[in-house]
Amino acid sequence: MAGGNERSMKALKEVWKRAENSLCVDCGKPDPDWASSTLGVFICLSCSGIHRNIPSISKVKSLKMDYWDDAQVQFLAKHGNAVTKAIYEAHIPIYYYQPTYNDCQVLREQWIRAKYERKEFTEPGKQLPYSDGVKEGILWKRGRDNGQFLPRKFLLSEREGCLKYFTKQDAKEPKINVKIDVINATFQPEKIGNPNGLQITYLKDNKTRNIFVYHESGKEIVDWFNAIRSVQFHYLKVAFPIASDNEIKNRLTRNFLKEGYMEKTGPKQREAFKKRWFTLDHRRLMYFKDPLDAFAKGEVFVGSGENGYSVQKGLPSGTQGNFSWHYGITIVTPDREYLFTCETETDQLEWIRAFTSVINQAMTPQEYAIEAYFKFKS
């Protein structure tokens, strides 16, 4: 018996160390140490918890702590991540958001359920709930002034190229009608205080507006998210006919590069520093009094290094404004310097890395137009 167990463990380790099995099959996290004995895939601890919630599909075991018999090891060897991906991820729409280990629980859970439970990607041309160009339903939306979440009717239309919401179920006219090409959507469960919380942002008069929504169903809110991406993709295909699918995919919804509190001072750099919530959405650095504010109090454009933008650790010597946090950051632009302080050195270094990643990228023609608007406004 002991010899058989040693043989099985040796065979298991050989399958485990194959290059194809070095990342979690579902989220891409390195060094997965769990596996599904019924699907034949290698997964991380976090994804194993999701698999455990669908026992009719997946039976999970630890590769380090659990016993694997010969038949189970042979099943893993026959399948593995590459073979299983070829089956369950054969026909993923290019616009569908495939989450990573950095993404929130609801995105990862619905991705796993879509693959193995609902088998959404196993057949070509399958009709999916987020692929027909129109979606209508109720989402709980946070009120701009009172902060209460109330049910509101939302309508997404590819034909009209817009997202609308209505304050009443039977309302004829929408409260807001937003063009699909100015929308971003990103999951914000912690900020919104709901595991299915989604932040929808859009540009109005070149200013950013936030809408915070959620749905009780994780599947429904993820379907809304991918429906927005689907409509955006098809809209941009028409608008930019020579662009490749991958180029268009990269212009769909995006996660914010960095969010968190910093202190800031005014343009004269003599005012007291005030604590604000900051969001870096690529080249737009927005700041809010509260993380759930509908409108930013102000925005800073962060251009490229070749156009005179840079980030520096610390504040200029002789800075006069009073500040309670002592880890400074200076953003240098062609027109002025912006001064911020962070509570910890870790926050400071993370913000500097985020700013540097933006500044090191060349600007697109559209971003030059945005920069011109910011200069005109100031």
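How many helices and strands does the secondary structure of the protein come to? The count is ten helices and 17 strands. The model described here is predicted.

## Overall composition

The protein has 378 residues, of which 48% count as buried. Taken along the principal axes, its C-alpha atoms fill a box of roughly 80 × 55 × 45 Å. Among contacts in the protein with a separation of 6 or more, 52% are between residues 24 or more positions apart.

## Annotated domains

The UniProt record, an unreviewed entry, places the feature "domain: Arf-GAP" at residues 6-129. This span is 40% helix and 7% strand, and its end C-alpha atoms lie 48 Å apart.

The feature "domain: PH" is placed by UniProt, again in an unreviewed entry, at residues 132-233 and 255-360. Residues 132-233 are 20% helix and 46% strand, with end C-alpha atoms 12 Å apart. For residues 255-360 the figures are 14% helix and 38% strand, and the end C-alpha atoms lie 19 Å apart.

## The three-stranded sheet

Strands β2, β1 and β3 form an open sheet in the order β2-β1-β3, with antiparallel pairing. Its edge strands are β2 (41-43) and β3 (60-62), each of which pairs on one side only. Direction ignored, neighbouring strands of this sheet are turned by 30 degrees against each other on average.

Strand β1 (residues 34-36) runs antiparallel to β3 and is joined to it by three bridges. Within these strands, A35 stands opposite K61 of β3. Helix α2 (residues 45-52) lies across β1, β2 and β3, and runs at about 120 degrees to β2.

Which residues of helix α4 (residues 80-88) are buried? They are G80, N81, T84 and Y88. These residues are on the same side of α4, because they cover an arc of only 115 degrees around the axis. The elements they pack against are β2, α3 (70-78) and α5 (105-117).

Two packed helices are described by the angle between their axes and the distance between the axes. For α5 and helix α7 (residues 218-239), the angle is about 90 degrees and the axes are 9 Å apart. The two helices are therefore roughly perpendicular. On the α5 side the contact is made by V106, L107 and Q110, and on the α7 side by G218, K219, I221, V222 and F225.

The loop between α5 and β4 holds E123. At 47% relative accessibility, E123 counts as partly exposed. From E123 to L107 the separation is 16 residues in sequence and 22 Å in space, C-alpha to C-alpha.

Strand β4 (residues 134-142) pairs with strand β5 (residues 149-157) in the antiparallel sense, over nine bridges. One of the residue pairs is I138 with K153, its bridge partner in β5. The two strands form a hairpin with six residues between them, and in the turn G147 has a positive phi of about 75 degrees.

β4 also pairs with strand β10 (residues 207-214), in the antiparallel sense and over two bridges. Here W140 stands opposite Y214 of β10.

## The seven-stranded sheet

What is the strand order of the open sheet of seven strands? The order is β14-β13-β12-β11-β17-β16-β15, with antiparallel pairing. At the edges stand β14 (298-301) and β15 (310-313); each has a single partner strand, so one side of each is left without a neighbour in the sheet. Neighbouring strands of this sheet are turned by 35 degrees against each other on average, with direction ignored.

Within this sheet, strand β12 (residues 274-281) and strand β13 (residues 284-288) pair over five bridges in the antiparallel sense. F278 has Y287 of β13 as its bridge partner. Helix α9 (residues 345-359) packs on the sheet, where it touches β11 (258-264), β12, β13, β15, β16 (327-332) and β17 (337-342). The direction of α9 makes about 160 degrees with that of β15.

Conventions: Residues are numbered from 1 along each chain as its sequence is written. This is a predicted model: local features need pLDDT of at least 70, side-chain atom pairs count only at pLDDT 80 or more; totals for chains, interfaces and linings use all residues. Side-chain values use heavy atoms; hydrogens and water are left out. Two strands pair if DSSP finds at least two bridges between them. Helices (H or I, at least four residues) and strands (E, at least two) are DSSP runs, numbered from the N terminus. Axes are lines fitted to C-alpha atoms, for helices over the stretch in contact, and angles run from 0 to 180 degrees between N-to-C directions. Contact means heavy atoms within 4.5 Å. Buried means under 20% relative accessible area, exposed over 50%, partly exposed in between (1.4 Å probe, protein chains only). The arc is that of the directions from the helix axis to the C-beta atoms. UniProt positions are given in the numbering used here, feature names are shortened, and annotations may be inferred rather than shown by experiment. Angles under 35 degrees count as roughly parallel, over 145 as roughly antiparallel, 65 to 115 as roughly perpendicular and the rest as oblique.
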